[in-house]
Amino acid sequence: MTTETKAPSSIDPVKLDKLAEVAVKVGLGLQPGQNLFLTAPVTALPLVRRIAEHAYEAGAGLVTPFFSDEAMTLARYRFAADESFDKAPGWLYEGIAKAFGENTARLAIVGDNPMLLSGEDPGKVARANKANSIAYQPALEKIAGFDINWNIVAFPGASWAAQVFPGEDEATAVGRLADAIFAASRVDTDDPVAAWAAHNAALNTRTRWLNERRFSALHFKGPGTDLTIGLADDHEWQGGASKAKNGIICNPNIPTEEVFTTPHARRVDGYVRSTKPLSHQGTLIDNIAVKFEGGRIVEATASRGAEVLNKVLDTDEGARRLGEVALVPHSSPISKSGILFYNTLFDENASCHIALGQCYSKCFIDGAKLTPEEVAAKGGNKSFIHIDWMIGSDEIDIDGIGADGSRTPVFRKGEWA
């Protein structure tokens with residue numbers, strides 16, 4: 001006996017299959033004989049099955065899925081002993097790190113309710129997040145170091161859709177979120193693989209220009225923002241498709257509209273205000289305002305979720321420093337949609353953003369050859385976390401500052417200058 005799990009009727013099955021194809025061919029660039037480790041919410045099973053089909057057609061060795069479930073997650077907060085929230089499955093992450101060390105590809109499907117834990121004890125949420133971040137470190141180092149090809153895509157879960165489109169009936173909300181995901185992921189075209197090739201070429205043009213300029217810093221100016229972000233020594237801009245250390249070209253994020261690099265962890269000064277809410281582990285953190293001195297956040301406020309924000313900042317020494325700065329024009333397709341997704345994979349691609357915590361070692365010249373000590377010496381940050389939040393809008397100007405102090409317009413009113 002088989003149990004059929006079909007996608008809701010409001011999700012276009014053809015486009016869902018195209019998304020699976022894009023995840024395997026464009027997102028992962030999966031190679032014949034390569035194993036795939038996959039995580040997803042149980043609601044995303046229709047997409048997982050299609051991804052497995054495309055992966056095996058591409059010659060995958062073994063596809064191993066791990067599933068999460070919202071009800072089981074909530075059960076922990078409602079019934080588990082207090083000490084549970086300081087624990088995480090280190091054995092699992094050690095195994096995942098071992099798999100990555102053996103060249104297993106990594107695919108994550110997001111689709112859960114981003115506000116799932118908003119009603120739970122923020123202290124327990126923060127403790128669980130910290131324990132998980134620490135346990136995840138062996139695997140995170142392989143991802144942040146870009147050792148292997150990896151990718152994140154999205155599935156329109158019903159509880160997520162209800163957050164994005166409140167007031168709609170479930171079928172309508174899911175259908176609208178599905179259409180938004182398909183459009184942002186460029187699978188609503190006749191040939192999504194070709195569309196991604198053209199998009200990657202456009203992003204590559206931006207990264208080449210920035211890398212030729214060799215700016216020493218970026219200066220962000222706008223309402224509530226006057227921030228100078230020093231760039232790490234020998235930093236390199238990346239965007240779209242890039243080559244992992246295993247030699248495979250992949251697109252880590254689908255969708256993606258950003259070009260990004262590594263800031264200097266000790267050369268960030270000024271103040272900055274968020275322009276979109278940050279949905280972090282079930283808590284909405286809104287109107288973030290922080291002040292940097294010598295690369296470190298010395299003041300932080302938020303109109304909502306401030307307690308969670310401050311617990312995040314206390315995760316470790318690197319949590320108060322930057323690991324990424326990314327440029328996204330205000331006219332990006334995701335920004336134009338006018339939709340707040342409550343999911344960083346999408347919301348970060350509507351706006352310029354910065355990330356607290358761990359840097360990407362690939363954002364250095366010859367980054368694949370650098371030791372962690374060399375990355376740190378060049379200004380790269382180390383942390384158990386990597387959390388993006390949005391600081392761009394149509395009121396933000398950005399100048400590139402040369403080593404000689406010269407200034408070059410990079411963005412004006414949220415658009416490439």
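Guide: Let's start with terms: on a 1 Å grid over the protein atoms alone, a cavity is a set of points where a 1.4 Å probe fits but cannot get out, and lining residues have an atom within 4 Å of a point. Grid points are joined across faces, edges and corners, and a volume is the space filled by probe spheres set on the points. The second largest cavity comes to about 30 Å³ that way. This is a predicted model, where local features need pLDDT of at least 70, side-chain atom pairs count only at pLDDT 80 or more, and totals for chains, interfaces and linings use all residues. Residues are numbered from 1 along each chain as its sequence is written, and side-chain values use heavy atoms, with hydrogens and water left out.

Visitor: Which residues line the second largest cavity?

Guide: Leu 278, His 280, Ile 285, Leu 309, Val 312, Leu 356, Ile 387 and Trp 389 do. Strand S12 (278–280), helix H9 (306–313) and strand S18 (386–390) each give two or more residues to this lining; helices (H or I, at least four residues) and strands (E, at least two) are DSSP runs, numbered from the N terminus.

Visitor: Which strands does S1 pair with, and in which sense?

Guide: Two strands pair if DSSP finds at least two bridges between them. S1 has four parallel bridges with strand S3 (residues 105–110) and six, also parallel, with strand S2 (residues 63–68), so both count as pairs. Phe 37 is bridged to Arg 106 in S3 and stands opposite Thr 64 in S2.

Visitor: Why is the unit of S1, helix H2 and S2 called right-handed?

Guide: With the strands pointing away from the viewer, a right-handed crossover runs clockwise from the first strand over the helix to the second. S1, H2 (residues 45–57) and S2 make a right-handed β-α-β unit, so their path is clockwise in that view.

Technical notes
1 Å grid on protein atoms, 1.4 Å probe; cavity = no way out; pocket = protein on both sides within 12 Å on 5 of 7 lines; lining within 4 Å.
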